[in-house]
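Walk me through this protein chain. Start with how its parts pack, then move on to single residues.

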Amino acid sequence: MDPHPNKENTNRMTLKQLAPCGSWKPNLMGLRQSETEAYQFIVEYLRQEQLPEADNLKFLRAVETLSSAVRAQGNGNMNDYFPLITLTKRIEALILQESTEVLTSSVRQQAMLCVVALSQVKPPFHESQKLALVNAGVSSVFSLPLIVPSPDWKDTASLYMQTVQALDEMLQALVMEDMNPNMRMLQNFLEIILPWITLSEKAHEQTRALGTISRLLRFICKFPQLSHMTEFVMSGRLMGILGLFSMDPNQESSAEASEALHYLFKILVLQRSLKQKTETILKNLQKSFRGEWFVHVQDLTLFFGNYLTPEERADVIMVSMEAMTSTSRYDACTASNMLKIILKDSIPEIRKVPEIIQYIYYNMMSITEPTAQMTIQKILHLMAQTYTDEVILTLIKMEDQSHKGVHKPWEILASFPKGYEVIMEHLLQRLTPHKKPRGQKSSQRTEISPLIATRAIHELLLEPSRRFEVQTFFPSLFMSLLFQVSFLVLEGRYEVVQDEKHIAEWVDPVSSTVEALKTLMWNSGYGEYVSYIHSLGTWELLIDPERHYEGVTLLARAMVTRKCWHNSPICRLIIKALHDLEFTHHLTALTFVTELFRFPEVATIVDEVATRVLAKWFHCEEPAMVKLLLQVAVIFAKHGNMVRQFHILQPYVLNCCYSTDTDIVMETFLVLKCLIEHLTWQHSSSFFIQLAFMLRPFFDEESEHLRSTAFETYERILSKVKRRGLVFPLEHQVLNLLVLLVFHLKDESVNVAQPTPVTPRAEPSFLSRAAGLPSATLPTYWAGRGSKGYLLRKMNGPSSVPCWSRKQTKLSGF
């Protein structure tokens, strides 16, 4: 923006164009002779074009005279004599046609005083008229050359001071509305004046603009009531500009900026502080008036945190960052120092976060001054900690729009160890929607999705400098990313993309998540694991909806095979997650931890509390979950030191025999046979006895396969019996089943009735004792596959044949 208006085009405005159209006959009754003469002169003046300076001054005085007459009428209106818009345009033209190369005329000064007179009568100026007059007056005065010593410089200086005073009076008059300053209008005026500070390269123009603002703010401080104060939203921008120029090397500019800053502080105190504290604050503020620059910066820090709105704080930051991109090294250092002081180690609540991040993103490479570079990095870092979601989302949106990887921001975010941990923790919480992020400000307006969080984690993981911190987060990140893969693969990647507004079309959610998982393993020192897993085809299985859980199993198995030292923390994490029965990714979690239980070091950390957490999931109706839990029971049984944990699962396993799902029942019996094989009578006799009694109803099941499996299971129980173990109640149970077992020798199913020869596992004398028969009548080497065959041969004695047929099972006595 050019602070100088197009003076050449404006000055070409012809006065004829500003002449009134048509004629009107105002009532001149009541006017004095001088006032009537003033009216007549204005009429003649408006009909002419170019007039000498004397006529211009006479016209302006005539307008003032007529304004005084209208004001004295009480209800008078200038439009009754001349249209206000006509007079305003003519006065504006007179201001603009004055030379900006030399100051010799008082027309400019008189025109602005004429505006003051018109502002005191009806009708009021329209907003557009006020802005046009202010723009004309500001450009006409600020553009004047610097006053240098000369033979007549004192006269010139005096005329200049009078002109500046006239400009101040015009601004003060135009900013007023109903006896109070209009802060919305003030903001419009400042929008015209501030470019003369920020864009001008001339020190005297900057000083004039700063002085004008200072005097205007001092005028406003006199009023306790201000109109439209809530609409005055540029306090932050103004504070930032004045704060920077209060440290300007030019003494005049610094002094004017410091005074303007002081009056701005005073306005904020009067309008935004509690009345009982106002007086004390103003006294303390007065002590620092005209103080050193660091005093103003301390005040700036106080007002930045306590008196500015979140939007205004963002404006201060933006102004300072814009100064850091300046070609002037001093400006960059000044802005950097000011930001470091007012921000310290934290950022209060602010708005416009995306705008700030975008500015950093696009201007980071242009900031070359070392101090400014460090400050901009700290700002990005603090912003990412406080407003993680908005920062991350903004960075990813800009990357997607540019289609190029500008990794510098991510490198900065990863360069602060403490901040890296905070950001990672927040992203990890976003990956697990069932967790509520902690420590977030209530003003957080944007929440990133798990997919965006995954991409951000991947970008941060690409920075190898934070390997130690990654080790700390590895268990949580690993499982969260795996859960995210499960969600995307099983619930549909395309549906996710349609719901995600901030994902580029070229980004595949599943692939990017798997890549993040690989990068995590590489960055945690598991590079060889990644290669090993790749050789097994695990990554392909993970992204296959039909074989996804097979891929999860292989991934966990690889962690066990390679003895990953994070296995135990991962196990604890999964058990903690499974504590919530509404946990979404329970099947993935249990699939993974089931394989981890095979690792001896992991098994040792599974206590009774963890086992009871697992046991609760037996109530789940998902067959896949129940089958996994049955596998867990087998794994516990195989670990010799986990008998106590198995006993907790024991009733749940037995209860699975009564499931309405036939597959679960059959799976349970297969597990029971495996359990019988690995458990000892010494430590699990109660389990064997309970199972023996429980099998009774299954001998009469309609399913041939289930009846056969029940008999085989019973046989395995009896094969575990020792002499000292065959006591009440198992002894009576065996005896009571003898008749039932013999009846099943005539079972309609050959597989149930016909035994197969196997090597006996129990001592025949035990069963002989249980049946009340002499041991000599039992075979020594042959026993049927089912316990019925074993017992029947015991009853038939030595004449029993090794293999039973359907004909041999006919017993007329039964």
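In which kind of crossing does helix 33 pass helix 34, left-handed or right-handed? The crossing is left-handed. Bear in mind that this is a predicted model.

Helix 33 covers residues 623-638, and helix 34 covers residues 643-655. Their axes lie 10 Å apart, at an angle of about 145 degrees. From helix 33, the residues that take part are Leu630, Val632, Ala633, Phe636 and Ala637. They meet Gln645, Phe646, Leu649 and Val653 of helix 34. Sorted by class, this contact has 8 nonpolar residues and 1 polar residue, with no charged ones.

Now step back to the whole chain. It holds 41 helices and 2 strands. Of its 814 residues, 55% are buried. Take the contacts between residues at least 6 apart in sequence: 75% of them join residues at least 24 apart.

Aromatic rings come next. The chain has 18 aromatic pairs. Ring pairs tie Phe474, Phe478, Tyr526, Tyr529 and Phe592 into a cluster. Another ring, that of Tyr532, has a charge over it. The charged end of Arg562 sits there, 4.1 Å from the ring centre.

Turn to helix 12, residues 251-272. Two of its residues deserve a look. Is Ser254 buried or exposed? Ser254 is buried, because its relative accessible area is 14% and the cut-off for buried is under 20%. Glu256 comes out as partly exposed, because its value is 23%, which falls between the limits of 20% and 50%.

What does each of them touch, leaving aside neighbours within four places in sequence? Ser254 is in contact with Phe245, Ser246, Met247 and Asp248. Glu256 is in contact with Thr207, Leu210, Gly211 and Ser214.

The loops hold some backbone features to check. First, a cis peptide bond. It runs from Lys122 to Pro123, with omega near 0 degrees. Pro123 lies in the loop between helix 5 (107-118) and helix 6 (127-142).

Next, positive phi values. Where is Met179 placed? Met179 lies in the loop between strand 1 (176-177) and strand 2 (180-181). Its phi is near 70 degrees, a positive value in a residue other than glycine. Met179 counts as exposed, because its relative accessible area is 69% and the cut-off for exposed is over 50%.

His228 has a positive phi too, of about 60 degrees, although it is not a glycine. This residue lies in the loop between helix 10 (203-220) and helix 11 (235-245). His228 is partly exposed, because its relative accessible area is 29%, between the 20% and 50% limits.

Terms used: Residues are numbered from 1 along each chain as its sequence is written. This is a predicted model: local features need pLDDT of at least 70, side-chain atom pairs count only at pLDDT 80 or more; totals for chains, interfaces and linings use all residues. Side-chain values use heavy atoms; hydrogens and water are left out. Axes are lines fitted to C-alpha atoms, for helices over the stretch in contact, and angles run from 0 to 180 degrees between N-to-C directions. Helices (H or I, at least four residues) and strands (E, at least two) are DSSP runs, numbered from the N terminus. A crossing is left-handed if the near helix is turned anticlockwise from the far one by less than a right angle, and right-handed if clockwise. Contact means heavy atoms within 4.5 Å. Ala, Val, Leu, Ile, Met, Phe, Trp, Tyr, Cys and Pro count as nonpolar, Asp, Glu, Lys and Arg as charged, and the others, Gly among them, as polar. Buried means under 20% relative accessible area, exposed over 50%, partly exposed in between (1.4 Å probe, protein chains only). Rings of Phe, Tyr and Trp (its six-membered ring) pair if their centres lie within 6.5 Å; planes under 30 degrees apart count as stacked, over 60 as edge-to-face and the rest as tilted. A charge sits over a ring if NZ of Lys or CZ of Arg is within 6 Å of the ring centre and within 35 degrees of the ring normal.
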